[in-house]
Amino acid sequence: SRGTNCTQMVKFSLMGFTDNLELQILLFVAFLVVYLVTLLGNLGIILLIRTNPQLHSPMYYLLGNLALVDLLYSTAVTPKVLADLVMEKPLSYVGCVTQILVFDIFLVTECFLLAAMAYDRYLAVCHPLRYSVLISPRLCVQLVCGSYLTGLLNGIGQTIGMFNLSFCGSVVVNLFFCDISLLISLSSSDSTVSSLIITVSVFLFGVSSGLVVLVSYIAIISAILSIRSAEGKCKAFSTCTSHLTTVSIFYGNGLFVYLKPRSSRPREEDKWVAVLYTMVTPMLNPFIYSLRNQEVKEALRRLRA
């Protein structure tokens with residue numbers, strides 16, 4: 001049909017940040033530095049965990065996978081942004097679909113890995129004596145595999161949603177990557193099915209993983225408050241600070257992006273919020289865990305020695 005042929009030939013022009021050449025150069029350098037630090041930081045965390053027997057525990061197994069996911073979903077977006085800052089080139093339909101698939105797989109995988117890490121911290125604080133029994137290596141593998149599988153289901157769902165949309169000519173996307181919730185309003189076809197898929201995904205994956213984190217931390221805070229000594233409270237809370245910082249940044253950005261009304265013309269500040277969750281957050285996570293975590297700092301010191 002004409003609509004299908006039209007869609008396959010469509011080109012997506014991703015709007016960058018500025019037409020000012022000097023500012024483009026500055027942004028290119030800034031985003032390149034952010035991406036290189038993201039690669040080095042997350043690869044460093046993965047290698048540190050793999051090569052250090054002291055870090056072969058459930059918490060660090062989950063952290064290693066979080067670092068891998070951060071690296072992958074940043075890579076789904078940042079190289080294209082850097083290329084566009086040098087020379088803008090429209091993205092093909094296949095390229096746009098691929099970016100949606102990869103990004104949405106790893107975004108939801110991250111949601112469930114953070115939920116699994118919250119559950120791990122809950123067991124460590126609320127059931128310290130039974131911790132090693134309750135969170136066995138087998139359960140860790142199941143939690144990680146479940147996170148990737150859920151991410152894959154989300155990616156496939158969002159891709160099906162994209163296939164239900166029709167486009168003609170050159171589509172101007174006022175964002176630096178393909179975002180299906182924005183493309184819906186630019187489609188020339190009925191977007192009811194695609195909108196329903198997105199709504200179901202947000203509640204099924206985003207809200208459910210967020211609830212696991214919330215319930216885990218309510219139980220953790222309740223357990224910490226029941227500890228009598230101030231030293232005990234500090235020690236218990238210190239095991240959660242890195243994860244709580246990461247969760248706050250990740251879900252804070254997510255709530256802003258997905259719970260506010262969407263339009264085909266997002267404001268400029270929306271682009272910078274998107275920069276936070278696609279580029280900056282994956283860069284910050286290794287630093288949050290290495291600077292605030294005593295075991296990671298000790299592993300780094302042993303590595304230097």
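Student: At roughly what angle do the axes of helix H3 and helix H7 cross, and how are the two helices oriented to each other?

Tutor: In this predicted model, the axes of H3 (residues 58–75) and H7 (residues 137–163) come within 10 Å and cross at roughly 20 degrees. Angles under 35 degrees count as roughly parallel, and therefore H3 and H7 are roughly parallel to each other.

Student: Which residues of H7 make the contact with H3, and how many nonpolar residues does that contact have?

Tutor: From the H3 side, the contact is made by Pro58, Tyr61, Leu62, Asn65, Leu68 and Val69. Their partners in H7 are Cys140, Val141, Val144 and Tyr148. By class, the contact of H3 with H7 has no charged residues and one polar residue, while its nonpolar residues number nine.

Student: Is the crossing of H5 and H9 left-handed or right-handed?

Tutor: Helix H5 (residues 93–126) and helix H9 (residues 192–225) pack with their axes 9 Å apart, at an angle of about 20 degrees. The two are therefore roughly parallel to each other. Whereas H3 passes H7 in a right-handed crossing, the crossing of H5 and H9 is left-handed.

Student: How many charged residues does the contact of H5 with H9 have?

Tutor: Residues of H5 including Phe112, Tyr119, Arg121 and Tyr122 meet residues of H9, among them Phe205, Ser208, Val212 and Tyr217. By class, this contact has 19 nonpolar and three polar residues, and the charged residues number one.

How values were computed: Residues numbered from 1 in each chain as written. Predicted model: local features only at pLDDT ≥ 70, side-chain atom pairs only at ≥ 80, totals over all residues. Heavy atoms only, no water. Axes fitted to C-alpha atoms, helices over the stretch in contact; angles between N-to-C directions. Helix = DSSP H or I, 4+ residues; strand = E, 2+ residues; numbered from the N terminus. Parallel < 35°, antiparallel > 145°, perpendicular 65-115°, else oblique. Left-handed = near helix turned anticlockwise from the far one by under 90°. Contact = heavy atoms within 4.5 Å. Nonpolar A, V, L, I, M, F, W, Y, C, P; charged D, E, K, R; others polar.
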